[in-house]
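Thank you all for coming; I would like to take a few minutes to walk through one model with you. Please have the sequence and the structure open while I talk.

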Amino acid sequence: MKKLVTIFISSILILSLVACSSGGDEAESGKIVISGKKYTEQVILSHLMAEYLKANTDMEVEVKEALGGVFVLQEAMKKGDIDMYVEYTGTGYLNVLKNEYTPGQSPDDIYNETKEGYADEFNVAWLEPLGFNNTYALALRGELADELGLQTYSDLVEAAPELSFGADPEFFERGDGYDALADAYGYEFGEKKNIDPDLQYTAAKDGEIDVITAFSTDARISQYDLTVLEDDKDFFPPYYAAPIIRQEVLDANPELADKINELAGILSDDEMRELNAEVNLEKKQPKDVAIEFLQSKGMIE
């Protein structure tokens with residue numbers, strides 16, 4: 001009898017441990033954890049969403065800023081370690097769902113297919129886009145572009161063997177990243193370098209790297225006199241930014257989706273570029289920039 005009781009207790013303990021370690025399928029009403037990727041724009045957006053929810057709901061809001069790239073964030077969402085972050089349509093469509101982009105596909109079609117795919121595969125909801133499109137852009141020093149006569153991505157093919165190419169480590173792993181770009185245009189760069197996305201602009205300005213994968217909403221492109229080449233084969237799809245959130249969190253907080261969707265269309269490309277500049281060039285804190293922007297829109301006091 002004692003042996004049966006021991007087995008029964010052991011079974012209960014095992015089941016309890018499994019339940020505790022199964023990760024965040026369940027969501028607690030009134031709480032949300034917001035995160036983002038490891039660069040300026042994403043840190044600003046994490047705080048923008050957090051400050052808006054703090055001011056306009058009774059929710060307990062936690063920010064885990066700059067957690068990592070898309071793969072890190074996907075795993076954190078799956079485990080329930082975070083509940084929401086801002087993703088980009090092109091990233092979700094190509095890199096996560098592994099769809100193929102055909103030049104000419106409309107931004108709405110890409111958004112809708114991505115939204116459906118995330119709901120089916122991950123039980124994650126895409127909410128309304130924030131308004132701006134932060135696409136990749138190949139950029140280099142203006143004087144170097146002039147010297148080599150470079151205007152388009154195709155122009156870069158002949159010069160590539162004598163040039164270095166820099167991007168963050170994730171770009172070299174993404175389905176819509178370096179290998180696909182090199183195949184599409186026929187690039188063979190002389191050297192490839194991993195670099196932090198927030199350091200690449202200075203590296204390009206100082207000549208430490210020749211060609212970088214800039215973000216179109218980054219003010220340092222113009223500040224450092226970098227030339228953005230034309231993607232003449234439309235390799236990169238639209239990258240409209242939108243909050244994505246675990247469906248369990250929406251189910252536990254029925255009015256949350258409508259509240260977050262009040263941020264739809266709040267940011268133009270120019271406005272996002274200006275906010276990035278306030279952090280990167282004027283050295284303001286991302287949280288302060290987010291709060292001041294929301295106040296300027298009359299969305300918080």
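Predicted model: local features only at pLDDT ≥ 70, side-chain atom pairs only at ≥ 80, totals over all residues.

**A buried leucine and its surroundings**

L130 is buried, with a relative accessible area of 1%, where buried means under 20% relative accessible area, exposed over 50% and partly exposed in between, with a 1.4 Å probe and protein chains only. Residues are numbered from 1 along each chain as its sequence is written, and side-chain values use heavy atoms, with hydrogens and water left out.

L130 is found in the loop between β4 (124–126) and β5, helices (H or I, at least four residues) and strands (E, at least two) being DSSP runs numbered from the N terminus. Leaving aside neighbours within four places in sequence, the residues in contact with L130 (heavy atoms within 4.5 Å) include L45, V86, P243 and I266.

Turning to the rings, a search of the whole structure finds 20 aromatic pairs, meaning rings of Phe, Tyr and Trp (its six-membered ring) with centres within 6.5 Å, where planes under 30 degrees apart count as stacked, over 60 as edge-to-face and the rest as tilted. Y136 and F215 form one that is tilted, at 5.4 Å centre to centre and 35° between the planes. Because Y136 lies in strand β5 (residues 136–141) and F215 in strand β8 (residues 211–215), the pair ties together parts that are 79 residues apart in sequence. Both Y136 and F215 are buried.
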